[in-house]
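These are my notebook entries on one structure. I set down each item as I looked it up.

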Amino acid sequence: MNCLNHPDVSAAAFCRSCGKPLCEQCKRVAQGTVYCEEHLPAGAANPMRPAATPVYSGPPVADPSVSPGLAFALGLIVPGVGAIYNGQYAKGLVHAIIFGLLVSIISSGSAPGLEPLFGILIAVWVFYMAIEAHHTAAKRRAGQPVDEFSSLIDLHTRGSRFPAGAVVLIVVGVLLLLNTTDIIPLERILRYWPILLIVLGVYLLYTRLTGAAQADDSSAGNSPKEVQHDQQ
Amino acid sequence: MISSSELVRAVRGPIILITIGTLFALDHMTPYGFQQTWPVILIVIGLLTLIGRATRSGPTAGGVA
C-alpha cells in the first residue's frame, strides 16, 4: 500500500485516527503513536521537537459533550468500557483482561485459601475502573490532555532508580507459578512472610543511610519528569 | 528511525497476546492447564516493564514517558 499523499512512495505507517496510509514524510508521531497531519492532537503540533522539552502550545480545547457520570456508569457495568468511552482502547482491553484474570483465578480454584483476598481485589478493581474512567472523563471535559495509559496512581513521578513494580510482578508471578505447578505450595512460602518485614526494614535503612548523599541527585532527576507528565 | 524504547512499547501488547494464546494452546494440547500456567502472564508483563525501563534510560532518554 502506498502513501495517500505520495502515491509513488510505499506507506510506512497508518494514522491512528483515520487509518490513512502514510509515508515516512507524512507520518506524525505524537503521544507514542502515529497520526496523519489532520489528526495530530493539539499540543503535539511540532513533530520535530523532542517530546522531552516542555512545550506550551496554547490551552487545549475543552469538550463539554464528555460526561464523567456516563463514564462512571459504563465503567461500573462492563469492565474496560469506561476506558473505551474515553477513547483509551488499549487500556480498556488491559482493564478487562485483569478483571478476567482475577475472576478466573477464583473460579479455577488455583489459589486455595486466598479466595477472600481475590474477592476483595475484584471489588477494588471494579470500582477502580469506574472511578478512573470518571476521573479521565472529567479531565477530558476540562480540556486537559490525557495519556493513553493514564491512571489514578502516578507511575511517572516515582523514583526511577529501582523498578519496584516490575520486580514485584515477576516475584509474585514466579511464586504463583511454583504454587500452581505444585512444585512449592504457596502455604509453605507464605509461612516465611515475616522475612518481608526484615527485607523492608533493611531496604528502608539502606535508603535512609544513602539517601542524604543522593537527595540532590534524585530531586534534580525527578523534576523534569514531573513537568513532562503534567504537560502530557 | 525507530528507537529501541519505541520498539519495546510497540511490541508489548502483541507479546502479551502471544503469551496468552500460547498458554491457551498449551491448555488444549498438553497436560498443562491454564489454571497452572497463568502466572507466566505476570512474569512476562514484569519482564517487559523491566526491558522498557532499561531501554528508556539509554541515550534517547526522555523521549517517552
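Which residues is A:Glu148 in contact with, leaving aside its neighbours within four places in sequence? I treated the model as predicted throughout. I found A:Glu148 in contact with A:Gln31, A:Gly32, A:Gln88, A:Ala90 and A:Lys91.

Entry 1, the place of A:Glu148. I located A:Glu148 in the loop between α4 (115-141) and α5 (164-180) of chain A. I then looked up its distance to A:Gly87: the two are 61 residues apart in sequence, and their C-alpha atoms are 8.2 Å apart in space. Why is A:Glu148 listed as partly exposed? I noted 16 other C-beta atoms within 10 Å of A:Glu148, and therefore this residue counts as partly exposed. A buried residue would need 20 or more such atoms, and an exposed one 12 or fewer.

I recorded 17 residues for α5(A). From its first C-alpha to its last, α5(A) reaches 24 Å, which is close to the 24 Å expected at 1.5 Å a residue. I listed its buried residues as A:Leu169, A:Ile170, A:Gly173, A:Leu176, A:Asn179 and A:Thr180. As background, I noted that an α-helix has 3.6 residues a turn, so residues three or four places apart point the same way. What do the buried residues of α5(A) pack against? I found α6 (186-190) of chain A, together with α2 (34-37) and α3 (39-56) of chain B. Just after α5(A), I saw that A:Asp182 takes a positive phi of about 65 degrees.

I looked up the largest nonpolar core and found 11 residues, among them A:Phe72, A:Leu74, A:Val81, A:Ile84, A:Tyr85 and A:Met129. The elements giving two or more residues to this core are α1 (68-77), α2 (81-85) and α4 of chain A. Apart from it I found another core, of 9 residues, including B:Val40, B:Val44, B:Ile45 and B:Leu48.

How many helices and strands does chain B have? I counted 3 helices and 0 strands, and the elements run α-α-α from the N terminus on. Of the 65 residues in chain B, 18% are buried. Among its contacts with a separation of 6 or more, I noted that 64% join residues 24 or more positions apart.

Conventions. Residues are numbered from 1 along each chain as its sequence is written. Chains are lettered from A and ligands numbered from 1 in the order in which they are written. This is a predicted model: local features need pLDDT of at least 70, side-chain atom pairs count only at pLDDT 80 or more; totals for chains, interfaces and linings use all residues. Helices (H or I, at least four residues) and strands (E, at least two) are DSSP runs, numbered from the N terminus. Two residues are in contact if their C-beta atoms, placed from the backbone, lie within 7 Å. The expected span of a helix is 1.5 Å times one less than its number of residues. A nonpolar core is a set of buried Ala, Val, Leu, Ile, Met, Phe, Trp, Tyr and Cys residues joined through C-beta atoms within 7 Å.
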